[in-house]
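Here is a short report on one protein chain and its ligands. Look over the sequence and the model before reading on.

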Amino acid sequence: MKYRVFVDGQEGTTGLRINEYLAARQDIEVLRIDPDRRKDPAERARLLNAADVAFLCLPDAASREAVSLITNPNTCVIDASTAFRTAPGWAFGLPELAPEQRDLIRKTKRIANPGCHATAFILLLRPLVDAGLIPANTPISATSITGYSGGGKKMIEEYEAGNNPTLDAPRPYALGLAHKHLPEMTAHTGLLSTPVFMPIVGPFLKGLAVSVPLHLSQLPAGVTAEKLQEAFAKRYAGERFIRVMPVRDPATLANGFFDAQANNDTNQVDIFVFGNETQVVLIARLDNLGKGASGAAVQSMNVHLGVDEGLGL
Ligand SMILES: NC(=O)C1=CN([C@@H]2O[C@H](COP(=O)(O)OP(=O)(O)OC[C@H]3O[C@@H](n4cnc5c(N)ncnc54)[C@H](OP(=O)(O)O)[C@@H]3O)[C@@H](O)[C@H]2O)C=CC1
Ligand SMILES: CC(=O)N[C@@H](CCC(=O)OP(=O)(O)O)C(=O)O
């Protein structure tokens, strides 16, 4: 028997990438919607309710509508939008979040796939807050460098039209300091205050790196770059999709520049700790369309179904 999977939003950036992952799977039958009816609620409802797993790769409002159309108690929803990431009754689709997270993903029928920036930020902060190395009341700031595919079809078209010179330089955004990932970045790290977060979109398709600068004077006495790196190594030991790099990664320092695209076309996250006696910078790198979106959604599906977590990734 094959699992039946429906991708609502199959023509979008996240949906297309999920379909690429699923195409190689022998254990999955993809239920496809007639492109002319892809926004027809009745046809979507029929397929959503026929599916064992439904991926929602839609704007928030359309995701909420899709969830309201589901009456089959056996349909497991994996929503890629921002709509349910801190909602009660939904499991956060980040298996590496905490030791109990895989169990939550396995048992629920409602999984909220994390945002791309949020995934990198949470994987940096959560282990250190849990270990008491970053007290929960520490004020935290972060930047993120991201490729333009994170903005979906519309932003991809703008960049690829090639007729707007203002897109040639990296562009900081979300300067209202209210980026849509902030609620999940706060809730799933345990931080007591909302971080200051400034993402920067650059003229490249995909790849993302979140940086968190810290003064060691903000942290408990005795915390060093080495101790932070050791805490990551301990927390992520055995995690196949997370690689904790050596402290002050010699290869990056020798190169002189950080490569935000080095995990593209993988489901991998790399974690770095740079620093001196008084300061550190934490960096997490991933493919915003891989572990930042479609790869993470497929990984959560695998966990939910109880098949090999890396199948097809
Ligand atoms: N791109 C990324 O890196 C990431 C995106 N996400 C999230 O995933 C979701 C999808 O994003 P993304 O793939 O980038 O967006 P896109 O704009 O590329 O794709 C969205 C798709 O949804 C379709 N759609 C819109 N409204 C409806 C509707 N009512 N019924 C059915 N289909 C509809 C659109 O149709 P049409 O083709 O006509 O426009 C489009 O094909 C968003 O919530 C986004 O926030 C999450 C993580 C990362
Ligand atoms: C470049 C760009 O605009 N990126 C998007 C992030 C995409 C993503 O991961 O977030 P969602 O799942 O929440 O859409 C942004 O910062 O809003």
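Cys 116 sits in helix 5. Helices (H or I, at least four residues) and strands (E, at least two) are DSSP runs, numbered from the N terminus. The model is predicted: local features need pLDDT of at least 70, side-chain atom pairs count only at pLDDT 80 or more, and totals for chains, interfaces and linings use all residues. Residues are numbered from 1 along each chain as its sequence is written, while chains are lettered from A and ligands numbered from 1 in the order in which they are written.

An unreviewed UniProt entry places the feature "active site" at Cys 116. UniProt positions are given in the numbering used here, feature names are shortened, and annotations may be inferred rather than shown by experiment. Is Cys 116 buried or exposed? Cys 116 is buried, with 27 other C-beta atoms within 10 Å. The cut-offs: buried means 20 or more other C-beta atoms within 10 Å of the residue's own, exposed means 12 or fewer, and partly exposed lies in between, with C-beta atoms placed from the backbone.

Leaving aside neighbours within four places in sequence, Cys 116 is in contact with Thr 146, Gly 150, Leu 208, Asn 288, Gly 292 and Ala 293. Contact means that the C-beta atoms of two residues, placed from the backbone, lie within 7 Å.

## Two domains

The protein chain is divided into domain 1 (3-114 + 292-305) and domain 2 (116-288). These bounds come from an automatic or database domain assignment. The contact between them takes 15 residues from domain 1 and 23 residues from domain 2. On the side of domain 1 that touches domain 2, helix 10 gives the most, with five residues. By class, that side of domain 1 has six nonpolar, seven polar and two charged residues. Ala, Val, Leu, Ile, Met, Phe, Trp, Tyr, Cys and Pro count as nonpolar, Asp, Glu, Lys and Arg as charged, and the others, Gly among them, as polar. Taken over C-alpha atoms, the centres of domain 1 and domain 2 are separated by 25 Å.

## Ligand 2

Which residues come nearest to ligand 2? Of the 16 residues around it, they are Gly 115, Cys 116, Gly 150, Gly 151 and Val 201. A residue is near a molecule if its C-beta atom, placed from the backbone, lies within 6 Å of it. Strand 9 (196-201) and helix 10 (290-305) each supply at least two residues of this shell. The shell around ligand 2 has seven nonpolar, eight polar and one charged residues. Domain 1 and domain 2 both give residues to it, so ligand 2 lies between them.

## Ligand 1

There are 27 residues around ligand 1, and Gly 12, Thr 14, Ser 81, Gly 152 and Ala 293 come nearest. Helix 1 (13-23), helix 3 (60-69), helix 6 (152-161) and helix 10 give two or more residues each to the shell. Helix 1 has the largest share, three residues. By class, the shell around ligand 1 has eight nonpolar, 13 polar and six charged residues. Domain 1 and domain 2 each give at least three residues to this shell.

## Helix 8

The buried residues of helix 8 (residues 225-235) are Ala 225, Leu 228, Gln 229, Ala 231, Phe 232 and Arg 235. Seen down the helix axis, they fall within an arc of 155 degrees, so they line one face of helix 8. The arc is that of the directions from the helix axis to the C-beta atoms. An α-helix has 3.6 residues a turn, so residues three or four places apart point the same way.

On the other side of helix 8, Glu 226 and Lys 234 are exposed. The cover over the buried residues includes helix 5 (116-130), strand 11 (242-244), strand 12 (269-275) and strand 13 (279-286).

## Loop residues

Glu 96 lies in the loop between strand 5 (91-92) and helix 4 (101-107). Glu 96 counts as buried, with 22 C-beta neighbours inside 10 Å. Leaving aside neighbours within four places in sequence, Glu 96 is in contact with Leu 123, Tyr 236, Glu 239 and Ile 242.

Ala 174 lies in the loop between strand 8 (171-172) and helix 7 (182-187). Its phi is near 55 degrees, a positive value in a residue other than glycine. Ala 174 counts as partly exposed, with 17 C-beta neighbours inside 10 Å.
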